[in-house]
Amino acid sequence: MTAHGVDEAVASAEKAFLEYRRAEPRARAELLDAIADEIVAAGDELLATADSETALGLPRLTSERGRTVLQLRLFATVVREGSWVDARIDTVDTARTPPKPDVRRMLIPIGPVAVFAASNFPLAFSVAGGDTASALAAGNPVVVKAHPAHPQTSDRVAAAVRAAVDRCGFPSGTFALVHGASPDVGTALVKHPLTRAVGFTGSLRAGRALFDAAAGRAEPIPVFAEMGSTNPVFLLPGALEQQGAAIAAALADSATLGVGQFCTKPGLVLGVTGATWDQFAGAFAQRIEAKPSARMLYRELAARFSEGVEKLERTHGVARLGRPRQPALPAEPGPPLVSAVAWQVEASHFLQTPSLREELFGPSTILIRASDADDLVEAARSLDGQLTAAVYGTERDLASFSTLIDVLGRKVGRVVFNGVPTGVEVGPAMNHGGPYPATTDVRTTSVGTAAILRFARPLCYQDAPEPMLPAELRNRNARGIWRLIDNRYTRDDVAPAV
């Protein structure tokens with residue numbers, strides 16, 4: 001793909017936007033449902049293609065397809081219901097001095113959205129994933145940059161989306177897919193003057209480059225980038241004493257799920273030193289050692305993981321837990337096999353070594369021994385922004401460690417209690433975001449129905465004649481949505497002016 005190809009795709013999206021933004025919500029919802037139908041209709045051939053390019057396995061990919069379809073249908077439901085537009089109406093008051101105007105406001109689509117597919121979710125965070133679904137739901141055409149690690153899977157899903165667009169009678173520019181291993185393709189997409197926003201899931205380095213490119217435009221645009229996390233887990237004394245072995249098993253399984261290639265993988269585990277901690281650390285290391293070697297998504301990713309492991313081996317104060325293990329040679333060409341590994345370090349060394357707070361994408365977890373509760377809080381304060389933090393604690397623990405919970409509330413987008421961070425429920429209340437560098441905009445989420453808000457902007461109408469207003473802001477509430485009228489949420493019509 002060349003810059004010319006990107007230009008054609010975005011120009012076509014802008015042309016389609018003139019029609020797509022005016023489509024009835026019902027029609028946009030039908031498109032989302034149609035995309036879901038086409039993905040299901042692609043059948044096992046789609047899953048086989050994805051497995052051949054990612055080695056994620058058919059069970060995992062079957063589940064991921066289900067999640068992809070769920071997201072699409074969930075956004076269809078949101079669009080049909082319609083209250084997401086946040087309609088607000090302040091009625092006129094001519095008796096006031098000065099007179100109060102009639103002011104009405106709602107969210108509207110923003111224009112062509114560039115979506116960058118993720119490597120670790122070839123379906124759910126890729127061509128027809130949550131970014132695409134939420135952008136289309138908001139009324140925007142989408143141009144997706146395929147991830148070079150799974151081009152054939154991307155093409156198959158793109159064919160399903162295009163079939164749905166055609167079936168629903170929307171312009172062909174409503175959706176486009178572009179390929180390109182060179183960063184120049186992605187940069188051209190972000191810098192195109194008709195691109196209005198960017199959705200990205202991937203590394204900090206790549207996400208920051210896109211963010212900077214967007215900010216450097218003559219007309220800057222928002223980049224909603226999810227860029228990973230170490231997802232710290234804090235083990236409080238009471239919980240560790242009561243269920244240390246069970247926690248060790250759960251965390252080891254979470255850390256190695258999908259070969260450690262989840263953005264919510266627990267990369268750091270922190271607790272207070274003592275006999276129960278030592279028992280936990282031994283059980284955790286033993287379970288990690290028992291995990292079979294496995295392939296990562298692509299060769300360059302495996303190479304970066306191996307480099308990260310070697311760097312940790314050389315880091316002062318860091319000790320490997322368990323025996324070093326050489327993975328078996330792969331049976332066929334592809335990314336090399338990697339082995340899961342666990343490490344341990346004192347909190348004092350952790351605080352003095354900023355590199356230990358960086359994400360290592362893959363099956364690696366660092367255990368951090370704190371001398372006391374103050375050490376745990378200090379370690380929490382040292383962390384950069386995270387997607388999640390998990391806390392295992394009894395009721396008594398949680399009451400005693402309220403300061404820790406308060407600190408984490410400023411560091412993360414989701415606090416998990418007595419559970420692992422992997423597994424992100426798709427629903428209205430989910431938040432999958434967090435302070436920088438977890439994301440570029442702490443106010444947003446890339447999972448759940450609130451993700452639609454990223455790709456909309458407010459437009460206010462003052463003293464507009466009724467025919468000039470969109471249906472959502474007219475006196476008669478024909479759509480039956482929730483609206484804020486004179487500071488009261490209601491589904492009623494606007495009362496006639498007296």
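# Exercises on a predicted model

The structure holds 23 salt bridges (a salt bridge is a side-chain nitrogen of Lys or Arg within 4 Å of a carboxyl oxygen of Asp or Glu). This is a predicted model, in which local features need pLDDT of at least 70 and side-chain atom pairs count only at pLDDT 80 or more, while totals for chains, interfaces and linings use all residues. Residues are numbered from 1 along each chain as its sequence is written, and side-chain values use heavy atoms, with hydrogens and water left out.

## Exercise 1

Solution. 

Step 1. Arg73 belongs to helix 4 (residues 58-81) and Asp37 to helix 2 (residues 25-41); the pair links distant parts of the chain, 36 residues apart. Helices (H or I, at least four residues) and strands (E, at least two) are DSSP runs, numbered from the N terminus.

Step 2. Arg73 has 30% relative accessibility and counts as partly exposed. Asp37, at 31%, is also partly exposed. Buried means under 20% relative accessible area, exposed over 50%, and partly exposed in between (1.4 Å probe, protein chains only).

## Exercise 2

Task: Find which residues form salt bridges with Asp86.

Solution. 

Step 1. One partner is Arg88, with the closest N and O atoms 3.1 Å apart.

Step 2. Another partner is Arg105, at 3.7 Å from N to O. Because Arg105 lies in strand 2 (residues 103-109) and Asp86 in the loop between helix 4 and strand 1 (88-90), this pair ties together parts that are 19 residues apart in sequence.

Step 3. Asp86 has a relative accessible area of 22% and is partly exposed. Arg88 is partly exposed at 32%, and Arg105 is partly exposed at 30%.

Step 4. Elsewhere, salt bridges that share partners join Asp33, Asp37, Glu38, Arg73, Arg80 and Arg167 into one network.

## Exercise 3

Task: Give the strand order of the open sheet of 7 strands and say which strands stand at its edges.

Solution. 

Step 1. The order is 11-13-14-9-8-15-16, with mixed pairing. Two strands pair if DSSP finds at least two bridges between them.

Step 2. Strand 11 (319-321) and strand 16 (412-417) are the edge strands; each has a single partner strand, so one side of each lacks a neighbour in the sheet.

Step 3. On average, neighbouring strands of this sheet are turned by 25 degrees against each other, direction ignored. Axes are lines fitted to C-alpha atoms, for helices over the stretch in contact, and angles run from 0 to 180 degrees between N-to-C directions.

Step 4. Strand 11 pairs with strand 13 (residues 341-346) in the antiparallel sense over 3 bridges. Arg320 has Trp343 in strand 13 as its bridge partner.

Step 5. Helix 9 (residues 237-256) lies across strand 8 (233-235), strand 9 (268-272), strand 14 (364-370) and strand 15 (386-392), and runs at about 150 degrees to strand 8. Helix 15 (residues 402-411) lies across strand 8, strand 15 and strand 16, at about 140 degrees to strand 16.

## Exercise 4

Task: State how many cavities of 30 Å³ or more the structure has, and describe the largest cavity.

Solution. 

Step 1. A search of the whole structure finds 2 cavities of 30 Å³ or more. On a 1 Å grid over the protein atoms alone, a cavity is a set of points where a 1.4 Å probe fits but cannot get out; lining residues have an atom within 4 Å of a point. Grid points are joined across faces, edges and corners, and a volume is the space filled by probe spheres set on the points.

Step 2. The largest cavity holds about 60 Å³ of space.

Step 3. Its lining includes Asp131, Phe200, His432 and Arg454. Strand 7 (residues 223-226) gives the largest share of this lining, 3 residues.

## Exercise 5

Solution.

Key
Contact means heavy atoms within 4.5 Å. On a 1 Å grid over the protein atoms alone, a cavity is a set of points where a 1.4 Å probe fits but cannot get out, and a pocket is an open set with protein on both sides within 12 Å along at least five of seven lines; lining residues have an atom within 4 Å of a point.
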